Amino acid sequence: MTLAVAQVKKEDLATKNTKSPGAETSVTINGKNLWIYYHAPSVRGRHIFNGAGALQPDGTVWRLGADYATVLHTDADLDLNGLAIPKGDYTLYIDLDNGQWKLIVNKTLMAGGKHIWGVGVSPDGVREGATTNDPATELGRASLTMGKPSSPVETLKITLSGAGGAKGKLLIEWENVTASAPFSVK
């Protein structure tokens, strides 16, 4: 396993999965760049969260996207809703703690010379994802504020935005859920 040391190349994370295309959000705050690269699945008539029959059941860990694990890059140290994140690269997951989601910031980026595939089975048939619920590989977890969108969100959308001064906001929207957290750039 490789910990966050060198900047990830976004082009290495792209897949040819047209059902979950690569997507990116970025923001510059106080001259420091932050970005998140993820693969954005669509609902496509499925029940994704909350309750019986959900594709991603309550109490599980979700890879926060599809395909390769979602990557956060930050040029600055951050405080994300109380979690100190040193500048660098990390993978992101969500602990769907029965509707009280927590963002998992993980230090593991690679396994066996390849980017972490997230949770599930990679294209070469290897079951991966053990790092997603292993406190030894985590930087930590930050609580998210839960909400509902004004209308269902078909395609996963992650947004980083400035909120004035050294402050910003992370927003995750998909299906019938929004989850957000404030952050500040140190």
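The structure holds five aromatic pairs, and I would like to start with two of them, keeping in mind throughout that what we are looking at is a predicted model. A pair of aromatic rings is described by the distance of the centres and the angle of the planes. In the pair formed by Phe-49 and Trp-101, the centres are 4.9 Å apart and the planes stand at 65 degrees to each other, which is an edge-to-face arrangement. If you look for these two residues in the structure, you will find Phe-49 in the loop between β3 and β4, and Trp-101 in the loop between β8 and β9, so the pair ties together parts that are 52 residues apart in sequence. Are these two residues buried or exposed? Phe-49 is buried, and Trp-101 is buried as well.

Phe-49 also forms an edge-to-face pair with Trp-174, this time with 5.7 Å from centre to centre and 80 degrees between the planes. Here the partner of Phe-49 lies in strand β17, while Phe-49 itself is in the loop between β3 and β4, so this pair ties together parts that are 125 residues apart in sequence. Trp-174 is buried, as is Phe-49. When we put the rings together, we get one aromatic cluster, made of Phe-49, Trp-62, Trp-101 and Trp-174.

Let me now step back to the whole chain. The protein has 18 strands and zero helices, and of its 186 residues, 48% are buried. If we take the contacts with a separation of 6 or more, 61% of them are accounted for by residues 24 or more positions apart.

Since Trp-174 has brought us to strand β17, we can look at how that strand is paired. Strand β16, residues 153-162, and strand β17, residues 167-175, run antiparallel and are joined by seven bridges. Within this pairing, Ile-158 stands opposite Ile-172 of β17. Four residues lie between the strands of this hairpin, and there Gly-164 takes a positive phi near 95 degrees.

Which residues other than glycine show a positive phi? Asn-50 is one of them, with a phi near 70 degrees, and its place is in the loop between β3 and β4. Asn-50 has a relative accessibility of 30%, and therefore counts as partly exposed. Leu-64 also has a positive phi, of about 60 degrees, although it is not a glycine. Leu-64 lies in the loop between β4 and β5, and with a relative accessible area of 1% it is buried, because the cut-off for that word is under 20%.

The next topic is empty space. Rolling a probe the size of a water molecule over the atoms shows where empty space is left. What kind of residues make up the lining of the largest cavity? They divide into 11 nonpolar, no polar and no charged.

The second largest cavity holds about 30 Å³ of space, and its lining includes Val-8, Leu-13, Val-71, Thr-91 and His-115. This lining divides into seven nonpolar, two polar and no charged residues. Val-71 lies in strand β5, residues 70-74, and it counts as buried, at 2% relative accessibility. Leaving aside neighbours within four places in sequence, Val-71 is in contact with several residues, including Val-8, Leu-13, Trp-35, Ile-36 and Thr-91. His-115 is 44 residues away from Val-71 along the chain, and the C-alpha atoms of the two are separated by 10.0 Å.

Finally, we come to the largest pocket, which holds about 280 Å³ of space. Of the 16 residues that line the largest pocket, Arg-46, Leu-55, Trp-62, Gly-65 and Ala-66 lie nearest its centre. The lining of the largest pocket divides into eight nonpolar, four polar and four charged residues.

Terms used. Residues are numbered from 1 along each chain as its sequence is written. This is a predicted model: local features need pLDDT of at least 70, side-chain atom pairs count only at pLDDT 80 or more; totals for chains, interfaces and linings use all residues. Side-chain values use heavy atoms; hydrogens and water are left out. Two strands pair if DSSP finds at least two bridges between them. Ala, Val, Leu, Ile, Met, Phe, Trp, Tyr, Cys and Pro count as nonpolar, Asp, Glu, Lys and Arg as charged, and the others, Gly among them, as polar. On a 1 Å grid over the protein atoms alone, a cavity is a set of points where a 1.4 Å probe fits but cannot get out, and a pocket is an open set with protein on both sides within 12 Å along at least five of seven lines; lining residues have an atom within 4 Å of a point. Grid points are joined across faces, edges and corners, and a volume is the space filled by probe spheres set on the points. Rings of Phe, Tyr and Trp (its six-membered ring) pair if their centres lie within 6.5 Å; planes under 30 degrees apart count as stacked, over 60 as edge-to-face and the rest as tilted. Buried means under 20% relative accessible area, exposed over 50%, partly exposed in between (1.4 Å probe, protein chains only). Contact means heavy atoms within 4.5 Å.
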